[in-house]
There are 2 protein chains.
Amino acid sequence: MAEGGERVLVDFRTEPARYRHWKLSVDGRVATLAMDVEEAGGLQPGYELKLNSYDLGVDVELYDAVQRLRFEHPEVGAVIVASGKERVFCAGANIRMLSRSTHGWKVNFCKFTNETRNALEEATAESRQRYLCAVNGPCAGGGYELALATDWIVMADDGNTTVSLPEVPLLAVLPGTGGLTRLVDKRRVRRDRADFFCTLEEGIKGARAVEWGLVDEVVPRSKLADVVKGRAAEFAARTDRPAGTAGVSLAPLERTIDGDRVRYRHVVCDIARDQGLAEITVSGPDAPPPTDAAGIRAAGCAFWPLAVARELDDLILHLRTNEEAIGLWVVKTSGRAELVDAYDRVLATHRDDWLVREVRLYLKRTFKRIEVSSRSVFALIEPGSCFTGTLLELALAADRSYMLDGTRPDDERPAASIRLTEMNFGAYPMVNGLSRLASRFLAEPGRVDKLRARIGDDLDAAAAGEAGLVTFTPDDIDWEDEVRIALEARASFSADALTGMEASIRFGGPETLESKIFGRLSAWQNWIFQRPNAVGPKGALEVYGTGQRSEFDRRRV
Amino acid sequence: MAEGGERVLVDFRTEPARYRHWKLSVDGRVATLAMDVEEAGGLQPGYELKLNSYDLGVDVELYDAVQRLRFEHPEVGAVIVASGKERVFCAGANIRMLSRSTHGWKVNFCKFTNETRNALEEATAESRQRYLCAVNGPCAGGGYELALATDWIVMADDGNTTVSLPEVPLLAVLPGTGGLTRLVDKRRVRRDRADFFCTLEEGIKGARAVEWGLVDEVVPRSKLADVVKGRAAEFAARTDRPAGTAGVSLAPLERTIDGDRVRYRHVVCDIARDQGLAEITVSGPDAPPPTDAAGIRAAGCAFWPLAVARELDDLILHLRTNEEAIGLWVVKTSGRAELVDAYDRVLATHRDDWLVREVRLYLKRTFKRIEVSSRSVFALIEPGSCFTGTLLELALAADRSYMLDGTRPDDERPAASIRLTEMNFGAYPMVNGLSRLASRFLAEPGRVDKLRARIGDDLDAAAAGEAGLVTFTPDDIDWEDEVRIALEARASFSADALTGMEASIRFGGPETLESKIFGRLSAWQNWIFQRPNAVGPKGALEVYGTGQRSEFDRRRV
């Protein structure tokens, strides 16, 4: 929420017919996403989105478009990101918006935009929908970071067109959407050149931009559109996506918010404000899955795993953005293990089907979104639950899990069990590139292989504890106190200390572009977003555009 | 400097005879470093170092001891870190000291303590001086982080002895000295267990500490000393360090500070306060090197590479701690390439000699210290310089380099050249584990191999630019303006934005425990060190020990 502004409930649900800032068009195997930001279309009052600068609302549409291209357009093998304006590509995140935002809003905004850019890269690599970018005018800051997230950047060679990351010299903040990391780790620009480039307000153009690896090619302005179309056709020809198939339409997501309850078809969330927690319950399927690809397609967005992904995704974004004071997410499940297992077998068997691939990738992104959220996550595993396979990932993504050992006197349901499926062994890698099981057992990699032999077994609390899959297994006598104390303690800790702690503990092992962006770049940016040199009364972000000069504390920290 | 305190010039030079907090003893192949902190021995007034809690002064002695063990005790193959007090191991960093420190002091303190703990690990792995730890009582926070930096932790099994990281629940900050990273990445503690452990004020003891991987063994209190001695003897027996050789004594380092000039034997630093920069000039050797190991030993701490390492190391620490407002280090060299080259050949030829190994490792650590410093570094390569091999690393460590192309009209010296030696190809890895050349050419790894063929060549500006070894090569006509503008621009930028930018750009490629500690953990800690929940008037760090309760903003960011 913006400083001093009214509470605005941000809704992440949209559809192309309602876009104000993007035009999505499809021509055979090539789609074009044209950015044409409506100046008066800011999510909140108080700033104008000039020169294709953007705020969260613009990015919500981009996110929606990227999702729809994957599901609704199986035929599309390449996506051109372009500007809908004649003389500017994109000026980056709107600075007035940033300067009037709270610290929390800035951080959350950057997180979402980062996730969306990562999704562009994942679409290129995994969905075989390759993104490329046509730069037709100034491409600055977040504008260039958007270009960097695509796989091929073509730039017009004219006096007006440059790429730049002017945040450091102009605003005393970092390029906050992965730019620094992508420069040196994706495009592998030499570090001294990256240093120079990032201190250059005016940016770099023409042949030097190609020589330094900042873009892939420069072409005369008059040929830009044709060259990009040619490249897109070339990339699209190499996709494995099916040409003659209808897509799955993503129907409007039904959600009701009733007081402190948020309800979807399969997901329900109850917020306990006094405890600072949200209890999230995911229901398993209530019927067996379709048995073939045609059946899956016929189910469309009602296909249970897809529906759950969409609902969870929306809920996470809602809680993150609109429920900042709810620091602990308590995850439960409800349903029958054998039905989840049956769905998982479908997801495993049909993994080469384009639609199943998209569903798996969507689930992967959704679980990753949980782990990069600045919220504590506990899983409670009780009778009636179905932490099986795909849904077991929720418990593995949690900071810790409590599993009731045995039954409750007033409950006739059998004791809880958990079940591994094929889907726990690589389908849903974390941002560090490892499966949650591999991350969990860094100390004993062989254990993951041994667990394969347990696929399909119902593991009770003793077996699950023994296998290292749950954290604690109190019995009915201890449960209430142990869990209550854990929840209360979590709520009593500093929100910030928990965020830093969780970010440091959750991702052991290898690093990736993504983990570097969320773990390192974002942490530095968050620090800078607190520093007087950026956000103090004379900080650069505050005085930008006022004609005043910023005044810096020169001390290096 | 502490808030409101007088300006205290911190001196990092010390020696065992002057230690107030540590006792260093050597018994055959095993040394013992016993921590026995003098309560009234704080570096600054206003706090008491109770329960073996520490401040920067305590760590300066530890750092000195670790250095001396390497150089002065070739015979030592294992080092026991123990407490000199009967009933406590170490309570961690002193909280009163932290709460009254400026943000900059906190951050700099953590950086130095981190470097020292990394040095313990490097001594274990590379110097074959294996560190182990005897825990004889509460071992909390920074105390446990010190233990984690050793290679084997033995803990007494009694009611009084626990290991803990109580920072999050108690102080609303992170364990700031690598603890979180070492838990999950070095000891590979399961992330859910790590989560629980880090929220537990009282810590964990006994069998559970072993089962969870927090320590390596627990033994009855009465047997602790014997077991540790036994382990140490066992580890020491496996070292390759020579038993019958005298060490090299590290004589007091001579330094004069005269106004804005800091002068050592081979290194001189001129501070230009109005420009916010320090010009650091390193002189090459003035005579050929000793030709054999005996000669090197005879030269002792006057051996040019060792002397340069010591002087540079001290200067970096001095500038970091005592000259916070000097944000840009401009590095120059002066001398003859062929003499540096001759020394490098000695360092390469005698790499298996224990002393040469230590000298190489010390240079490695010193160059790493430059890159994790929150200072911009530019190298200026001009006539009369000797950026050769080991000294070329300074230019490769710089954020950018300017090399004068050709000569100056008023200068009879020949044009500058640079020269690669064997020492540029792996002797001095960065914190990411790669050589500076490999880091520089991430995009074209083959280039490093090709550069091997150029070892020994004098590369003029054109050739150095072509080879990608320098950033810019202005000629005499452009030099003055180009360099002046670059220096002025750097001084005009926000100190914090530069710090975040440099931390993000300097270390492309792979990640290591060290790069995670400096790049990720430290960034989160710095952020938290700015947050009201930690340092505001009701923040946990402020109210600790006052009997007041902290009040937290519950909003998650």
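Trainee: How can chain B be laid on chain A?
Mentor: By a turn of 180° and a shift of 0.0 Å along the axis, with an RMSD of 0.0 Å. The superposition is by least squares on the C-alpha atoms of residues with pLDDT of at least 70 in both copies. The two copies are thus related as by a two-fold rotation axis.

Trainee: And what share of the contact residues of chain B recur in chain A?
Mentor: 100%, so the same surface serves both copies. Contact here means heavy atoms within 4.5 Å.

Trainee: What kind of model is it, and what gets counted?
Mentor: This is a predicted model, where local features need pLDDT of at least 70 and side-chain atom pairs count only at pLDDT 80 or more, while totals for chains, interfaces and linings use all residues. Residues are numbered from 1 along each chain as its sequence is written, chains are lettered from A and ligands numbered from 1 in the order in which they are written, and side-chain values use heavy atoms, with hydrogens and water left out.

Trainee: New topic. In what order do the six strands of the open sheet in chain A come?
Mentor: The order is 1-2-4-6-8-10, with mixed pairing. Strands (E, at least two residues) and helices (H or I, at least four) are DSSP runs numbered from the N terminus, and two strands pair if DSSP finds at least two bridges between them.

Trainee: Which strands stand at the edges?
Mentor: Strand 1 (22-27) and strand 10 (217-219) of chain A. Each has a single partner strand, so one side of each is left without a neighbour in the sheet. Neighbouring strands of this sheet are turned by 20° against each other on average, direction ignored.

Trainee: How many bridges join strand 6 to strand 8 in chain A?
Mentor: Three, between residues 130-135 and residues 153-156, and the two strands run parallel. The bridge partner of A:Val135 in strand 8 is A:Met155.

Trainee: What does helix 1 of chain A lie across?
Mentor: Helix 1 (residues 56-72) lies across strands 1, 2, 4 and 6 of chain A, at about 15° to strand 1. For such angles, axes are lines fitted to C-alpha atoms, for helices over the stretch in contact, and the range is 0 to 180 degrees between N-to-C directions.

Trainee: What about phi of B:Leu51?
Mentor: Also positive, near 55°. But B:Leu51 counts as exposed, at 52% relative accessibility.

Trainee: Okay, how many salt bridges are there over all chains?
Mentor: 134, counting a side-chain nitrogen of Lys or Arg within 4 Å of a carboxyl oxygen of Asp or Glu.

Trainee: Which side chain does A:Arg440 meet in a salt bridge?
Mentor: B:Asp192, at 2.8 Å, N to O. The pair crosses between chains, from helix 15 (residues 436-440) of chain A to helix 7 (residues 191-197) of chain B. A:Arg440 and B:Asp192 are buried.

Trainee: And what does B:Arg320 pair with?
Mentor: B:Glu115, at 2.7 Å, N to O. They're 205 residues apart, with B:Arg320 in helix 11 and B:Glu115 in helix 3 of chain B.

Terms used
Buried < 20%, exposed > 50% of the residue type's maximum accessible area, 1.4 Å probe, protein only.
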